[in-house]
Amino acid sequence: MLRFLQTLQFVLFVFFSVAYAYQLFYLVAGLIGRGKRGCQDASLGRYAVMIAARNEEVVIADLIHSLKRQNYPGKLLDIYVVADNCTDDTARVARQAGATVFERFNKVQVGKGYAMDHLLKAIAEQKGDDYYDAYMVFDADNIVDPNFVSEMNKMFAHGEYAALTSYRNSKNFCDNWITAGYALWFLREARLLNKPRAQMGVNCAVSGTGFLISAEVIREDGGWPYHLLTEDIEFSVVCATLGRKIGYCGTAVVYDEQPTEFRQSWDQRMRWSKGFYQIDAKYTGTLVRGIGRGGRKGFSCYDMLMTVAPSNLITLGALAVGLLICFACFSQPTFIVYRVMRMMLRILLMTVKGISMSLFLFGAVTMAAEWKNIEGSTAKKILYTFTFPFFMLTYIPISVVALLQKVEWKPIRHGVTVSREKKRERI
(Lines give C-alpha, C1' and ligand atoms only; values in the text may rest on other atoms or scores of the structure.)
Protein backbone atom coordinates (compact mmCIF):
# COMPACT_ATOMS: atom_id res chain seq x y z
CA MET A 1 0.00 0.00 0.00
CA LEU A 2 2.85 2.37 0.79
CA ARG A 3 4.47 1.65 -2.55
CA PHE A 4 1.14 2.25 -4.29
CA LEU A 5 0.73 5.64 -2.62
CA GLN A 6 4.27 6.64 -3.55
CA THR A 7 3.78 5.50 -7.15
CA LEU A 8 0.47 7.36 -7.40
CA GLN A 9 2.08 10.55 -6.16
CA PHE A 10 4.92 10.21 -8.67
CA VAL A 11 2.58 9.46 -11.59
CA LEU A 12 0.46 12.52 -10.84
CA PHE A 13 3.54 14.72 -10.59
CA VAL A 14 4.87 13.50 -13.94
CA PHE A 15 1.44 13.74 -15.60
CA PHE A 16 0.82 17.35 -14.63
CA SER A 17 4.43 18.36 -15.28
CA VAL A 18 4.31 17.00 -18.82
CA ALA A 19 0.74 18.15 -19.56
CA TYR A 20 1.40 21.76 -18.58
CA ALA A 21 5.09 22.06 -19.46
CA TYR A 22 4.24 24.07 -22.58
CA GLN A 23 3.10 26.94 -20.35
CA LEU A 24 6.73 27.49 -19.35
CA PHE A 25 7.32 28.55 -22.96
CA TYR A 26 4.33 30.87 -22.63
CA LEU A 27 5.90 32.31 -19.49
CA VAL A 28 9.19 33.13 -21.22
CA ALA A 29 7.49 34.48 -24.34
CA GLY A 30 5.13 36.59 -22.26
CA LEU A 31 8.02 38.18 -20.38
CA ILE A 32 10.46 38.86 -23.20
CA GLY A 33 8.47 38.73 -26.43
CA ARG A 34 6.82 41.67 -28.14
CA GLY A 35 3.12 41.40 -28.74
CA LYS A 36 1.68 41.64 -32.22
CA ARG A 37 0.95 45.18 -33.32
CA GLY A 38 -2.12 46.45 -35.12
CA CYS A 39 -2.21 48.00 -38.57
CA GLN A 40 -1.30 51.66 -38.17
CA ASP A 41 -3.03 52.64 -41.42
CA ALA A 42 -6.18 50.64 -40.70
CA SER A 43 -9.45 51.79 -42.21
CA LEU A 44 -12.14 52.62 -39.65
CA GLY A 45 -14.70 49.93 -38.99
CA ARG A 46 -18.24 50.28 -37.68
CA TYR A 47 -18.81 48.67 -34.28
CA ALA A 48 -21.66 47.91 -31.92
CA VAL A 49 -20.95 47.78 -28.19
CA MET A 50 -23.02 45.21 -26.32
CA ILE A 51 -23.57 45.40 -22.56
CA ALA A 52 -25.63 42.82 -20.71
CA ALA A 53 -26.70 44.37 -17.41
CA ARG A 54 -28.78 43.16 -14.49
CA ASN A 55 -29.40 45.66 -11.70
CA GLU A 56 -26.31 47.74 -12.53
CA GLU A 57 -27.68 51.27 -12.04
CA VAL A 58 -24.73 52.21 -9.81
CA VAL A 59 -21.95 51.57 -12.31
CA ILE A 60 -23.32 51.39 -15.86
CA ALA A 61 -23.21 55.15 -16.51
CA ASP A 62 -19.44 55.21 -15.89
CA LEU A 63 -18.94 52.55 -18.56
CA ILE A 64 -21.12 54.34 -21.11
CA HIS A 65 -19.39 57.66 -20.44
CA SER A 66 -15.99 56.03 -20.98
CA LEU A 67 -17.25 54.63 -24.29
CA LYS A 68 -18.60 58.04 -25.30
CA ARG A 69 -15.13 59.51 -24.74
CA GLN A 70 -13.32 57.10 -27.02
CA ASN A 71 -10.68 58.46 -29.41
CA TYR A 72 -12.76 57.08 -32.25
CA PRO A 73 -15.49 58.61 -34.43
CA GLY A 74 -18.74 58.46 -32.48
CA LYS A 75 -20.76 57.90 -35.65
CA LEU A 76 -18.99 54.54 -36.08
CA LEU A 77 -19.61 53.34 -32.53
CA ASP A 78 -23.10 52.55 -31.25
CA ILE A 79 -23.75 51.50 -27.65
CA TYR A 80 -26.45 48.96 -26.82
CA VAL A 81 -27.57 47.73 -23.41
CA VAL A 82 -29.84 44.81 -22.64
CA ALA A 83 -31.40 45.43 -19.23
CA ASP A 84 -31.84 41.78 -18.32
CA ASN A 85 -34.51 41.00 -15.71
CA CYS A 86 -33.76 44.27 -13.94
CA THR A 87 -35.66 45.40 -10.87
CA ASP A 88 -33.84 48.74 -10.52
CA ASP A 89 -33.25 51.80 -12.74
CA THR A 90 -30.55 50.28 -14.95
CA ALA A 91 -32.54 50.90 -18.15
CA ARG A 92 -33.30 54.53 -17.32
CA VAL A 93 -29.73 55.31 -16.22
CA ALA A 94 -28.30 53.70 -19.37
CA ARG A 95 -30.66 55.67 -21.64
CA GLN A 96 -29.78 58.93 -19.90
CA ALA A 97 -26.09 58.14 -20.36
CA GLY A 98 -26.63 57.79 -24.12
CA ALA A 99 -27.10 54.08 -24.83
CA THR A 100 -29.82 52.38 -26.82
CA VAL A 101 -31.57 50.10 -24.34
CA PHE A 102 -33.61 46.94 -24.82
CA GLU A 103 -35.35 45.45 -21.79
CA ARG A 104 -35.66 41.70 -21.40
CA PHE A 105 -37.74 39.74 -18.92
CA ASN A 106 -37.30 35.99 -19.00
CA LYS A 107 -37.12 33.97 -15.78
CA VAL A 108 -36.55 30.66 -17.59
CA GLN A 109 -33.62 31.42 -19.87
CA VAL A 110 -31.36 33.15 -17.37
CA GLY A 111 -27.77 34.20 -17.91
CA LYS A 112 -25.49 36.42 -19.96
CA GLY A 113 -25.49 34.11 -22.98
CA TYR A 114 -29.26 34.36 -23.39
CA ALA A 115 -29.16 38.13 -22.83
CA MET A 116 -26.50 38.59 -25.51
CA ASP A 117 -28.45 36.49 -27.97
CA HIS A 118 -31.58 38.57 -27.30
CA LEU A 119 -29.60 41.79 -27.81
CA LEU A 120 -28.02 40.61 -31.07
CA LYS A 121 -31.43 39.73 -32.49
CA ALA A 122 -32.80 43.12 -31.44
CA ILE A 123 -29.88 44.91 -33.12
CA ALA A 124 -30.34 42.84 -36.29
CA GLU A 125 -34.02 43.77 -36.44
CA GLN A 126 -33.16 47.44 -36.08
CA LYS A 127 -30.01 47.69 -38.21
CA GLY A 128 -29.75 44.44 -40.20
CA ASP A 129 -27.15 41.73 -39.67
CA ASP A 130 -24.53 43.30 -41.95
CA TYR A 131 -24.56 46.89 -40.66
CA TYR A 132 -21.63 46.41 -38.26
CA ASP A 133 -18.19 44.99 -38.91
CA ALA A 134 -17.93 43.56 -35.41
CA TYR A 135 -19.39 43.63 -31.92
CA MET A 136 -17.59 44.55 -28.70
CA VAL A 137 -18.73 43.03 -25.41
CA PHE A 138 -18.36 44.60 -21.96
CA ASP A 139 -19.67 44.02 -18.46
CA ALA A 140 -21.59 46.89 -16.88
CA ASP A 141 -18.96 47.46 -14.19
CA ASN A 142 -16.13 48.06 -16.67
CA ILE A 143 -14.28 51.26 -17.49
CA VAL A 144 -12.70 51.43 -20.95
CA ASP A 145 -9.42 53.14 -21.81
CA PRO A 146 -9.97 56.02 -24.29
CA ASN A 147 -7.95 54.24 -26.98
CA PHE A 148 -9.63 50.85 -26.58
CA VAL A 149 -11.76 50.93 -29.73
CA SER A 150 -9.06 52.44 -31.93
CA GLU A 151 -6.53 49.82 -30.81
CA MET A 152 -8.96 46.96 -31.35
CA ASN A 153 -9.79 48.37 -34.77
CA LYS A 154 -6.10 48.36 -35.73
CA MET A 155 -5.73 44.71 -34.71
CA PHE A 156 -9.00 43.64 -36.31
CA ALA A 157 -7.84 45.25 -39.56
CA HIS A 158 -5.36 42.38 -40.03
CA GLY A 159 -8.39 40.46 -41.31
CA GLU A 160 -7.37 37.12 -39.81
CA TYR A 161 -9.32 37.11 -36.58
CA ALA A 162 -12.80 35.82 -35.80
CA ALA A 163 -12.53 37.44 -32.37
CA LEU A 164 -10.12 39.48 -30.25
CA THR A 165 -9.55 39.66 -26.53
CA SER A 166 -7.91 42.55 -24.69
CA TYR A 167 -5.73 43.48 -21.72
CA ARG A 168 -7.84 43.22 -18.56
CA ASN A 169 -6.80 45.29 -15.57
CA SER A 170 -8.74 46.05 -12.38
CA LYS A 171 -10.55 49.07 -10.93
CA ASN A 172 -10.11 47.83 -7.37
CA PHE A 173 -6.99 45.65 -7.30
CA CYS A 174 -5.93 46.46 -3.75
CA ASP A 175 -9.31 46.55 -1.99
CA ASN A 176 -8.56 43.24 -0.30
CA TRP A 177 -7.03 39.79 -0.86
CA ILE A 178 -10.08 38.65 -2.86
CA THR A 179 -10.03 41.47 -5.40
CA ALA A 180 -6.25 41.15 -5.70
CA GLY A 181 -6.53 37.39 -6.28
CA TYR A 182 -8.97 37.87 -9.14
CA ALA A 183 -7.05 40.73 -10.70
CA LEU A 184 -3.68 39.00 -10.54
CA TRP A 185 -5.16 35.95 -12.25
CA PHE A 186 -6.61 38.04 -15.08
CA LEU A 187 -3.32 39.92 -15.51
CA ARG A 188 -1.53 36.59 -15.73
CA GLU A 189 -4.05 35.44 -18.32
CA ALA A 190 -3.43 38.53 -20.44
CA ARG A 191 0.36 38.85 -20.11
CA LEU A 192 1.51 35.25 -19.70
CA LEU A 193 -1.13 33.29 -21.60
CA ASN A 194 -2.93 35.29 -24.29
CA LYS A 195 0.03 37.43 -25.29
CA PRO A 196 2.36 34.44 -25.96
CA ARG A 197 -0.50 32.52 -27.57
CA ALA A 198 -0.91 35.33 -30.07
CA GLN A 199 2.85 35.52 -30.66
CA MET A 200 2.96 31.80 -31.47
CA GLY A 201 -0.18 31.79 -33.60
CA VAL A 202 -2.15 29.73 -31.08
CA ASN A 203 -5.75 30.62 -30.29
CA CYS A 204 -6.33 32.96 -27.35
CA ALA A 205 -9.24 32.55 -24.96
CA VAL A 206 -12.06 35.04 -24.57
CA SER A 207 -12.66 35.74 -20.89
CA GLY A 208 -15.89 37.40 -19.85
CA THR A 209 -15.45 41.00 -20.94
CA GLY A 210 -13.53 43.36 -23.18
CA PHE A 211 -13.64 41.25 -26.32
CA LEU A 212 -14.62 41.65 -29.96
CA ILE A 213 -16.52 39.23 -32.21
CA SER A 214 -16.61 39.66 -35.97
CA ALA A 215 -20.02 40.14 -37.56
CA GLU A 216 -19.22 37.26 -39.89
CA VAL A 217 -19.03 34.87 -36.93
CA ILE A 218 -22.33 36.19 -35.55
CA ARG A 219 -23.98 35.60 -38.91
CA GLU A 220 -22.54 32.09 -39.19
CA ASP A 221 -23.76 31.22 -35.69
CA GLY A 222 -27.13 32.88 -36.12
CA GLY A 223 -26.60 35.01 -33.02
CA TRP A 224 -25.01 33.88 -29.78
CA PRO A 225 -25.83 30.17 -29.27
CA TYR A 226 -23.52 29.79 -26.26
CA HIS A 227 -25.61 29.31 -23.15
CA LEU A 228 -23.52 27.26 -20.73
CA LEU A 229 -22.64 28.87 -17.40
CA THR A 230 -19.29 29.95 -18.88
CA GLU A 231 -20.46 30.99 -22.32
CA ASP A 232 -17.23 32.89 -23.03
CA ILE A 233 -15.07 29.79 -22.61
CA GLU A 234 -17.61 27.76 -24.58
CA PHE A 235 -17.18 30.22 -27.46
CA SER A 236 -13.38 29.95 -27.17
CA VAL A 237 -13.55 26.15 -27.28
CA VAL A 238 -15.83 26.16 -30.32
CA CYS A 239 -13.51 28.58 -32.12
CA ALA A 240 -10.56 26.24 -31.48
CA THR A 241 -12.44 23.20 -32.76
CA LEU A 242 -13.66 25.02 -35.89
CA GLY A 243 -10.31 26.60 -36.67
CA ARG A 244 -11.54 30.14 -36.05
CA LYS A 245 -8.71 32.36 -34.85
CA ILE A 246 -8.95 34.40 -31.65
CA GLY A 247 -6.27 37.07 -31.30
CA TYR A 248 -5.04 39.34 -28.53
CA CYS A 249 -4.74 43.13 -28.49
CA GLY A 250 -2.55 44.07 -25.55
CA THR A 251 -2.84 47.81 -26.24
CA ALA A 252 -6.62 47.77 -25.73
CA VAL A 253 -7.18 48.15 -21.99
CA VAL A 254 -10.35 47.50 -19.99
CA TYR A 255 -10.69 47.98 -16.23
CA ASP A 256 -12.86 45.41 -14.48
CA GLU A 257 -14.38 45.46 -10.99
CA GLN A 258 -13.75 42.41 -8.81
CA PRO A 259 -16.05 41.12 -6.04
CA THR A 260 -14.98 42.24 -2.59
CA GLU A 261 -16.96 39.73 -0.49
CA PHE A 262 -16.10 36.06 -0.22
CA ARG A 263 -19.76 35.01 -0.44
CA GLN A 264 -20.10 36.71 -3.84
CA SER A 265 -16.73 35.33 -4.93
CA TRP A 266 -17.83 31.84 -3.91
CA ASP A 267 -21.05 32.11 -5.95
CA GLN A 268 -19.26 33.48 -9.01
CA ARG A 269 -16.51 30.89 -8.98
CA MET A 270 -19.05 28.14 -8.33
CA ARG A 271 -20.69 29.17 -11.60
CA TRP A 272 -17.34 29.18 -13.37
CA SER A 273 -16.41 25.75 -12.01
CA LYS A 274 -19.79 24.28 -12.96
CA GLY A 275 -19.50 25.86 -16.39
CA PHE A 276 -16.12 24.20 -16.91
CA TYR A 277 -17.64 20.83 -15.99
CA GLN A 278 -20.39 21.48 -18.55
CA ILE A 279 -17.76 22.24 -21.18
CA ASP A 280 -15.78 19.12 -20.25
CA ALA A 281 -18.89 16.99 -20.67
CA LYS A 282 -19.90 18.57 -23.98
CA TYR A 283 -16.62 19.26 -25.76
CA THR A 284 -13.83 16.98 -24.47
CA GLY A 285 -14.31 14.48 -27.30
CA THR A 286 -14.37 17.24 -29.92
CA LEU A 287 -11.21 18.82 -28.51
CA VAL A 288 -9.39 15.47 -28.46
CA ARG A 289 -10.31 14.88 -32.10
CA GLY A 290 -9.16 18.42 -32.90
CA ILE A 291 -5.75 17.70 -31.39
CA GLY A 292 -5.34 14.98 -33.99
CA ARG A 293 -5.30 17.57 -36.75
CA GLY A 294 -1.86 18.63 -35.62
CA GLY A 295 -0.21 21.97 -36.31
CA ARG A 296 -1.28 25.18 -34.63
CA LYS A 297 -4.97 24.35 -34.88
CA GLY A 298 -4.37 21.04 -33.15
CA PHE A 299 -2.28 22.70 -30.47
CA SER A 300 -5.02 25.30 -29.94
CA CYS A 301 -7.38 22.42 -29.15
CA TYR A 302 -4.82 20.91 -26.77
CA ASP A 303 -4.32 24.26 -25.04
CA MET A 304 -8.08 24.68 -24.57
CA LEU A 305 -8.37 21.10 -23.31
CA MET A 306 -5.75 21.82 -20.66
CA THR A 307 -7.49 25.10 -19.82
CA VAL A 308 -10.82 23.42 -19.04
CA ALA A 309 -9.43 20.14 -17.67
CA PRO A 310 -10.66 19.41 -14.11
CA SER A 311 -7.17 19.27 -12.63
CA ASN A 312 -8.43 19.94 -9.11
CA LEU A 313 -10.71 16.93 -9.26
CA ILE A 314 -7.99 14.66 -10.62
CA THR A 315 -5.73 15.61 -7.72
CA LEU A 316 -8.53 15.27 -5.18
CA GLY A 317 -9.54 11.95 -6.67
CA ALA A 318 -6.03 10.61 -6.19
CA LEU A 319 -6.02 11.84 -2.60
CA ALA A 320 -9.40 10.19 -2.06
CA VAL A 321 -7.93 6.88 -3.20
CA GLY A 322 -5.21 7.34 -0.59
CA LEU A 323 -7.79 8.01 2.10
CA LEU A 324 -9.68 4.85 1.15
CA ILE A 325 -6.46 2.91 1.58
CA CYS A 326 -6.02 4.51 4.99
CA PHE A 327 -9.49 3.44 6.08
CA ALA A 328 -8.90 -0.05 4.71
CA CYS A 329 -5.74 -0.45 6.78
CA PHE A 330 -7.46 0.22 10.11
CA SER A 331 -7.98 -3.52 10.52
CA GLN A 332 -4.22 -4.04 10.33
CA PRO A 333 -1.74 -3.90 13.22
CA THR A 334 -1.14 -0.49 14.76
CA PHE A 335 2.37 -0.05 13.35
CA ILE A 336 1.03 -0.53 9.79
CA VAL A 337 -1.76 2.00 10.36
CA TYR A 338 0.79 4.46 11.70
CA ARG A 339 3.09 4.08 8.68
CA VAL A 340 0.24 4.43 6.18
CA MET A 341 -1.24 7.48 7.92
CA ARG A 342 2.18 9.13 8.12
CA MET A 343 2.75 8.47 4.42
CA MET A 344 -0.70 9.85 3.55
CA LEU A 345 -0.07 12.99 5.60
CA ARG A 346 3.28 13.47 3.89
CA ILE A 347 1.68 13.13 0.46
CA LEU A 348 -1.05 15.61 1.39
CA LEU A 349 1.45 18.16 2.70
CA MET A 350 3.71 17.76 -0.33
CA THR A 351 0.75 18.18 -2.68
CA VAL A 352 -0.43 21.36 -0.97
CA LYS A 353 3.12 22.66 -0.76
CA GLY A 354 3.81 21.95 -4.43
CA ILE A 355 0.60 23.59 -5.61
CA SER A 356 1.10 26.59 -3.31
CA MET A 357 4.69 27.15 -4.48
CA SER A 358 3.64 26.94 -8.13
CA LEU A 359 0.84 29.43 -7.58
CA PHE A 360 3.12 31.76 -5.64
CA LEU A 361 5.70 31.74 -8.42
CA PHE A 362 3.08 32.46 -11.09
CA GLY A 363 1.65 35.26 -8.95
CA ALA A 364 5.06 36.72 -8.12
CA VAL A 365 6.21 36.70 -11.74
CA THR A 366 2.96 38.33 -12.84
CA MET A 367 3.18 40.96 -10.11
CA ALA A 368 6.77 41.79 -11.03
CA ALA A 369 5.99 41.98 -14.75
CA GLU A 370 2.87 44.12 -14.26
CA TRP A 371 4.06 46.17 -11.29
CA LYS A 372 3.68 49.56 -13.00
CA ASN A 373 0.20 48.75 -14.24
CA ILE A 374 -1.22 47.86 -10.83
CA GLU A 375 -2.88 50.58 -8.74
CA GLY A 376 -1.86 50.32 -5.08
CA SER A 377 0.87 50.78 -2.51
CA THR A 378 4.07 48.76 -2.53
CA ALA A 379 3.16 47.13 0.79
CA LYS A 380 -0.21 45.93 -0.51
CA LYS A 381 1.25 44.60 -3.74
CA ILE A 382 3.76 42.53 -1.79
CA LEU A 383 1.12 41.34 0.68
CA TYR A 384 -1.31 40.26 -2.02
CA THR A 385 1.42 38.38 -3.86
CA PHE A 386 1.62 36.13 -0.81
CA THR A 387 -2.17 35.82 -0.42
CA PHE A 388 -2.65 34.88 -4.07
CA PRO A 389 -1.95 31.14 -3.53
CA PHE A 390 -4.49 31.05 -0.71
CA PHE A 391 -7.11 32.69 -2.95
CA MET A 392 -6.48 30.10 -5.65
CA LEU A 393 -6.54 27.20 -3.16
CA THR A 394 -10.10 28.18 -2.22
CA TYR A 395 -11.01 26.86 -5.67
CA ILE A 396 -10.55 23.33 -4.29
CA PRO A 397 -13.67 23.26 -2.08
CA ILE A 398 -15.51 25.34 -4.67
CA SER A 399 -14.79 22.78 -7.41
CA VAL A 400 -15.98 19.92 -5.18
CA VAL A 401 -19.24 21.64 -4.22
CA ALA A 402 -19.86 22.71 -7.83
CA LEU A 403 -19.58 19.07 -8.91
CA LEU A 404 -22.19 17.95 -6.38
CA GLN A 405 -24.64 20.86 -6.40
CA LYS A 406 -26.94 22.39 -8.98
CA VAL A 407 -25.57 25.82 -9.86
CA GLU A 408 -27.55 28.66 -11.38
CA TRP A 409 -26.49 32.05 -12.67
CA LYS A 410 -26.54 34.73 -9.96
CA PRO A 411 -25.85 38.45 -10.43
CA ILE A 412 -22.81 40.01 -8.77
CA ARG A 413 -23.45 43.26 -6.96
CA HIS A 414 -21.14 46.08 -8.04
CA GLY A 415 -20.54 49.46 -6.53
CA VAL A 416 -17.14 50.93 -7.45
CA THR A 417 -17.59 54.19 -9.35
CA VAL A 418 -14.85 56.29 -10.87
CA SER A 419 -14.61 59.89 -11.94
CA ARG A 420 -12.00 59.58 -14.67
CA GLU A 421 -10.48 57.12 -17.11
CA LYS A 422 -7.35 55.33 -15.94
CA LYS A 423 -4.44 55.03 -18.29
CA ARG A 424 -1.52 52.68 -17.97
CA GLU A 425 1.72 52.53 -19.90
CA ARG A 426 1.73 49.15 -21.62
CA ILE A 427 4.80 46.94 -21.39
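**Helix pair**

Axes here are lines fitted to C-alpha atoms, for helices over the stretch in contact, with angles from 0 to 180 degrees between N-to-C directions. I also kept in mind that this is a predicted model, in which local features need pLDDT of at least 70 and side-chain atom pairs count only at pLDDT 80 or more, while totals for chains, interfaces and linings use all residues. Residues are numbered from 1 along each chain as its sequence is written, and side-chain values use heavy atoms, with hydrogens and water left out.

I looked up α10 (residues 262–291) against α11 (residues 295–308); their axes come within 9 Å and cross at roughly 155°. Helices and strands are DSSP runs numbered from the N terminus (H or I, at least four residues, for helices; E, at least two, for strands). The pair α10 and α11 is therefore roughly antiparallel. I put down the crossing of α10 past α11 as left-handed, meaning the near helix is turned anticlockwise from the far one by less than a right angle (clockwise would be right-handed).

**Salt bridges**

Next I went after charge pairs, counting a side-chain nitrogen of Lys or Arg within 4 Å of a carboxyl oxygen of Asp or Glu. How many salt bridges does the whole structure hold? The search gives 16.

For burial I used under 20% relative accessible area as buried, over 50% as exposed, and partly exposed in between (1.4 Å probe, protein chains only).

- R92 pairs with D89, and their closest N and O atoms are 3.2 Å apart. R92 is partly exposed at 40%, and D89 is partly exposed at 36%.
- D117 and K121 meet at 2.9 Å, N to O, in a salt bridge. They sit four residues apart in α5 (residues 112–127), so about one helical turn separates them. D117 is buried at 16%, whereas K121 is partly exposed at 41%.
- E151 and K154 form a salt bridge at 3.3 Å, N to O. They are three residues apart in α6 (residues 148–156), again about one helical turn. E151 counts as buried, with 18% relative accessible area.
- I also noted a salt-bridge network that links K36, E160 and K245.

**Nonpolar patch**

Which residues make up the nonpolar surface patch? I found F10, V11, F13, V14 and V18, with about 510 Å² of accessible area together. Patch members need over 30% relative accessible area and no salt bridge; nonpolar side chains (Val, Leu, Ile, Met, Phe, Trp, Tyr) are joined within 5 Å, like charges within 9 Å. The areas come from the Shrake-Rupley method with a 1.4 Å probe, and for residues only the protein chains shown count as cover. I checked F10 on its own: F10 lies in α1 (residues 2–19), and at 55% it counts as exposed.

**Contacts across the sequence**

Is F102 buried or exposed? I have F102 as buried, at 18% relative accessible area, and it belongs to strand β3 (residues 100–104). From F102 to A122 is 20 residues in sequence and 7.7 Å in space, C-alpha to C-alpha.

Last, I looked at Q405, in the segment after α15 (395–404). Q405 is partly exposed at 43%.

Methods:
Angles under 35 degrees count as roughly parallel, over 145 as roughly antiparallel, 65 to 115 as roughly perpendicular and the rest as oblique.
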